[in-house]
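Biologist: Could you take me through this model? I would like to begin with the charged side chains and then turn to the overall fold.

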Amino acid sequence: MGRGKIVIRKIENSASRQVTFSKRRKGLLKKAKELAILCDAEVGFIIFSSTGRLYDFASSSMKSIIDRYSRTKEENHQVLNATSEVMAFSTSRCLHFTRLIEESLCSGWVFHQPLLICPSQLNHQSSSIISLWQREAESLREQLHNLQENHRKVNLIRQENMELRKKMYLFILSYVNLNSKQMDHEQQHRS
């Protein structure tokens, strides 16, 4: 029978804390090496103990891993910013044109190509032009609605992504904790 769950919080006893740190650090190192070998992954981790001592592991060069991490993080940030900027620009542009069209329709002025036509100059074909502009205004409203909906979906996906990262972090912690317990249990049986 395995040990019960422990509460994840700072261990107050410094000797116990140091023993736990040492065992879990070794477990993390072992798992990092296995991940790098089995999955051909580029793995790097850095740990600073409470005393300030550095422990690190890199499957290749730590500098190249950190550089790659920085580049990837920056690229992802730029892509997210660019997407947000394009959506904001498109949304503001749609709003601007929708307002122009609505104002022109309400005031009785119709903009057609580069010409500005006064209501007194309109003939019987004017109703088709107004109808065309009304359809265009409705199309712009739909595009605006779609852009706003897409923006909402992007925000939901970002939020879900953050929650999944948290779950993954907690899963890894519990996995490391479970492996540490199994190693402790195996050591006790060997003794």
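**Salt bridges, fold and surface**

Modeller: The model is a predicted one, and a search of the whole structure finds five salt bridges.

Biologist: Which side chain does K31 meet in a salt bridge?

Modeller: The partner of K31 is E34, with 3.5 Å from N to O. Both residues lie in helix α1, three residues apart, about one turn of the helix. K31 is partly exposed, with a relative accessible area of 27%, and E34 is also partly exposed, at 28%.

Biologist: And what does E138 pair with?

Modeller: The side chain of E138 meets that of R141 in a salt bridge, at 3.1 Å from N to O. They are separated by about one helical turn because they stand three residues apart in helix α3. R141 is partly exposed at 34% relative accessibility, and E138 is partly exposed at 38%.

Biologist: Which residue forms a salt bridge with R152?

Modeller: That residue is E149, and the N to O distance is 2.3 Å. E149 and R152 are likewise three residues apart in helix α3, so about one helical turn separates them. Both count as partly exposed, E149 at 25% relative accessibility and R152 at 42%.

Biologist: What about R25: which side chain of opposite charge is nearest?

Modeller: The nearest is D56, which is 9.4 Å away. R25 is buried yet has no salt bridge.

Biologist: Where does R25 lie, and what is it in contact with?

Modeller: R25 lies in helix α1, which covers residues 14–39. Leaving aside neighbours within four places in sequence, R25 is in contact with I47 and Y55.

Biologist: Let us change topic. How many helices and strands are in the chain?

Modeller: The chain has three helices and four strands, and along the sequence they follow the pattern α-β-β-α-β-β-α. Of its 191 residues, 18% are buried. Among contacts between residues at least 6 apart in sequence, 46% join residues at least 24 apart.

Biologist: In which sense do β1 and β2 pair?

Modeller: Strands β1 and β2 pair in the antiparallel sense, over five bridges. G44 stands opposite A58 in β2, and I46 stands opposite D56. The two strands form a hairpin with five residues between them, and G52 in the turn has a positive phi of about 95 degrees.

Biologist: Which residues are on the covered faces of β1 and β2?

Modeller: In β1, residues 44–48, the covered face has F45 and I47, while G44, I46 and F48 are on the uncovered one. In β2, Y55 and F57 make up the covered face, and L54, D56 and A58 the uncovered one. In a regular strand the side chains alternate between the two faces of the sheet.

Biologist: Is F57 buried or exposed?

Modeller: F57 counts as buried, because its relative accessibility is 14% and the limit for buried is under 20%. Not counting residues up to four places away in sequence, F57 touches L29, A32, K33, V43, G44, F45 and M62. The C-alpha atoms of F57 and K33 are separated by 8.4 Å, although the two residues are 24 apart along the chain.

Biologist: And F48, buried or exposed?

Modeller: F48 lies in strand β1 and counts as exposed, at 58% relative accessibility. Together with I46, L54 and I66, F48 makes a nonpolar surface patch of about 390 Å². The chain as a whole exposes about 15,300 Å², of which carbon and sulfur atoms supply 58%.

Biologist: One more backbone point: what is the phi of D40?

Modeller: Phi of D40 is near 50 degrees, a positive value in a residue other than glycine. Most residues other than glycine have a negative phi. D40 sits in the loop between α1 and β1 and is exposed, with a relative accessible area of 71%.

Terms used
Residues numbered from 1 in each chain as written. Predicted model: local features only at pLDDT ≥ 70, side-chain atom pairs only at ≥ 80, totals over all residues. Heavy atoms only, no water. Buried < 20%, exposed > 50% of the residue type's maximum accessible area, 1.4 Å probe, protein only. Pairing = 2+ DSSP bridges. Contact = heavy atoms within 4.5 Å. Areas by Shrake-Rupley, 256 points an atom, 1.4 Å probe, with all protein chains shown as cover. Lys, Arg positive; Asp, Glu negative; His and termini not counted. Salt bridge = Lys/Arg side-chain N within 4 Å of Asp/Glu carboxyl O. Patch = residues over 30% accessible without salt bridge, like charges linked within 9 Å, V, L, I, M, F, W, Y side chains within 5 Å.
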